[in-house]
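Please look through the model shown here and work through its architecture by question and answer, with the criteria stated where each term is used.

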Amino acid sequence: MDVPRFDYSPAPESRSVVNLKPSYGLFIDGDFVDPMDGGHFKTESPSSQEVLAEVSSGGPGDIARAVTSARRAFEEVWGPMPGKERAKYLFRVARIVQERSRELAVLESLDNGKPIKESRDVDVPLTAAHFFYHAGWADKLAYAGFGPDPKPIGVTGQVIPWNFPLLMAAWKLAPALAAGNTCVLKPAETTPLSALLLAEILQQADLPPGVVNIVTGAGETGAALVAHPGVDKVAFTGSTEVGKQIQRSLAGTRKHLTLELGGKAANIVFDDAPLSQAVEGIVNGIFFNQGHVCCAGSRLLVQEPVAEGVVEALKRRLGSLRLGDPLDKNTDIGAINSPQQLDKIRELSDSGEAEGAERWSPACALPERGYWFPPTLFTGVVPAQRIAREEIFGPVLSVLTFRAPEEAVEKANNTTYGLSAGVWTEKGSRILHMASRLRAGVVWANTFNRFDPSSPFGGYRESGFGREGGRHGLAAYLQSALDG
Amino acid sequence: MNAQAARRLAAQSRPATLGRGPTELSELAASELSLRRFLHGLPGVDQVGAEARAASLATRSIKAGAKLWAIDTAISMIDLTTLEGSDTPGKVASLCGKARHPDPADPAVPAVAAVCVYSDLVPVAKSGLEGSTVKVAAVATAFPSGRASLSVKLADVADAVAAGADEVDMVIDRGAFLAGRYGLVLDEVRAVKEACGSARLKVILETGELATYDNVRRASWIAMIGGADFIKTSTGKVAPAATLPVALVMLEAVRDFADLSGSVIGVKVAGGIRTSKDAIRYLVLVNEVAGEEWLGPSLFRIGASSLLNDLLMQRSKQRRGAYAGSQDFSIE
């Protein structure tokens, strides 16, 4: 071909906007403090394996300090504070998040490995939106449908994952604070930095000491938080396995619990779908954030008459995805967050091949350093294979086919999970019918992976329980009438 | 995709003999009924999704070497246009000078693709561009409204071709299209194509009047089946003119048509494209939707007038590191 290729030059976002400290303490009672009984660990950039900073590991003593501080703040400051006053703090936090959005986006992409276009256009704006939205509720709780004077629960212990580190912190903190609770937040071990920057923002907003405490660490830190008797409510987002452990450990206690766990969502494409947009939706459903999304559309169910064409179009589209430096503004696919996750994705993908599915990836050079996995498509997948049942949590799509709507419903529901689903068709009545039959907390119609703070999000069955966002999400942070 | 649906539909009507080629396509469109069935069998366009995709491609960041390449490529794709009642031979002649050497101070700047004028000014443009690579394009067929009888439209085309136009930009009958008379629209395109002889035919859909992306997709297919060498968004006389989502739908159409028929059709966007940033966004769209094969003046054009000076200004800024003044570039 004599036409020259339009090869985009590197367009990296500047790192200089982020001021990384060599070492971070725990954010307890409004200040950064050294851990009492924990050590330190390093957090690295998954795209370059460069060590970004040293972070404190909170031990049981640190958790106790944080919970005590949160209790005092709840009883003396935040609990008694009128809702309209709490709202002012939340509005302020939202505005500072917007003001410091570039800094937050760059830091998130550095620590997590996600492309800057996603942290810039999705994670950070949604973070601000969650604070804005819940700030609005803080003085209107009496009108939320939970009685004339709904009460907060108390001290909440919140454990969040590494896939949307900042956004998940916002999902947890904003409704809890709006409802009048205080918080001890435990960020994920591999992605603690944006939560620590958020702590600085909370300081900047003059949030009273102890209202939010952020204790970094690994799984043991989270376990200590969940187990602490001073915690009234536990909110966890993460793997189903850990979610089950938490539920077991809380059995018999008076603690409230909400869980947002894994998924194996079906993205169902009917033969009358707007196919060009369906292809985009499939790509967005599974390759957004490298597939590190609990509601990812990891199972494509496509109706047989269009299956061949859709797969062909998908392959062409995957060929145009740009994998590489997360800070490059033209990057579509970033790095896998950790070597452990990369191993898991590799193991499950290999099992797909071993079990007879056909594996395909576009020609795609992977950077030498860092953790990378090419966008991958499996065709000829049958429901009995592991890649059709287990959550891969990576950029791997399993393509299955169906013939009739009922078969699509059956196959989509044939999973232990129930977090999300997608339906693609130009027929409005079919959308409504499918939405009523699909056992999933979220059903997207002719779109996928769209989030809004006003829209409740959460799952069925092994995807957890409780909702985040919207009026329903407030319920998780208010005492219900049944609590007495 | 489209092509898949087309294959499926075609397979339903003529299972044994479907080959790949324009003949089969024109047979598919042999009757008003089969044409309608085909056009309405094309997958729909979801408005929200199409606009989101176009918006996300608009965030591509084109810098450094890629930007320089894109600016020169965009210059070479311009149909430098003047379509005013007040056009004079003098105005067209000065436009031709600009088209041949957009920046007299820098001979490395490529010539534009074509000069686009009303058909009565074709002789002026022809002599002004003699010896250059720049083509003469004439709008015809009762441009811009297209409200005239077929014989008047064909006479208009014949005039332009006789005067030496290398390219003819026709408008479709939007009234007939919106009334669902697809066969009439197709027949006109075919007749104009025949009247063009060896001149290349650009078919203007006037997407601003078609109202939906589904219509844009159907009109694109009618034009391609009718023999268009290019499908073009707009006359520039109706708002909205070219938009990124419309271009996205049309680029998908030419891509799918090439898959189905083997014929590669070009796309021209026109109207409201004034800045280098706009132009580069269209190039990104071409690159990522249709493919790099379309990234040249033989398959992608930008109809514009003021865009050229902005491209020249950005070009000199990229090379010299500082913006030139607006008086450093000629105004026609």
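Q: What closed arrangement do the strands of chain B form, and in which order do they run?
A: This is a predicted model, in which local features need pLDDT of at least 70 and side-chain atom pairs count only at pLDDT 80 or more, while totals for chains, interfaces and linings use all residues. Residues are numbered from 1 along each chain as its sequence is written, and chains are lettered from A and ligands numbered from 1 in the order in which they are written. Strands (E, at least two residues) and helices (H or I, at least four) are DSSP runs numbered from the N terminus, and two strands pair if DSSP finds at least two bridges between them. With parallel pairing, eight strands of chain B make a closed barrel that runs E1-E2-E3-E4-E5-E6-E7-E8.

Q: Which residue is the bridge partner of Ala138(B) in E4(B)?
A: Strand E3 (residues 135-139) and strand E4 (residues 167-171) of chain B pair in the parallel sense over three bridges. Within E4(B), the partner of Ala138(B) is Val168(B).

Q: What angle does the direction of helix H12 of chain B make with that of E7(B)?
A: Axes are lines fitted to C-alpha atoms, for helices over the stretch in contact, and angles run from 0 to 180 degrees between N-to-C directions; a contact requires C-beta atoms, placed from the backbone, to lie within 7 Å. Helix H12 (residues 244-261) of chain B packs on the sheet and touches strand E6 (230-232) and strand E7 (266-270) of chain B, and its direction relative to that of E7(B) makes about 170 degrees.

Q: How many of the 18 residues of H12(B) are buried?
A: A residue is buried if 20 or more other C-beta atoms lie within 10 Å of its own, exposed if 12 or fewer, and partly exposed in between. H12(B) reaches 25 Å from its first C-alpha to its last, close to the 26 Å expected at 1.5 Å a residue, where the expected span is 1.5 Å times one less than the number of residues. This helix is mostly covered, and its buried residues number 15.

Q: Which residue does Pro240(B) join through a cis peptide bond?
A: Pro240(B) is found in the loop between E6 and H12 of chain B. The cis bond, with omega of about -5 degrees, links Pro240(B) to Ala239(B).

Q: Why does the radius of gyration of chain B agree with that of a compact globule?
A: The radius is taken over C-alpha atoms, and the globule rule is 2.2 Å times the number of residues to the power 0.38. For 332 residues this rule gives a value near 20 Å, and the two agree because chain B has 20 Å.

Q: Is Asn449(A) buried or exposed?
A: Asn449(A) is found in the loop between strand E17 (442-445) and strand E18 (464-465) of chain A, and has a positive phi of about 55 degrees although it is not a glycine. Because Asn449(A) has 21 C-beta neighbours inside 10 Å, it counts as buried.

Q: Which element gives the largest share of the side of chain B that touches chain A?
A: In the predicted model, 30 residues of chain B are in contact with 28 residues of chain A. Helix H1 (2-13), helix H4 (47-57), helix H5 (64-76) and helix H13 (276-290) of chain B are the elements that give two or more residues to this side. The largest share, five residues, comes from H5(B).

Definitions and conventions
Two residues are in contact if their C-beta atoms, placed from the backbone, lie within 7 Å.
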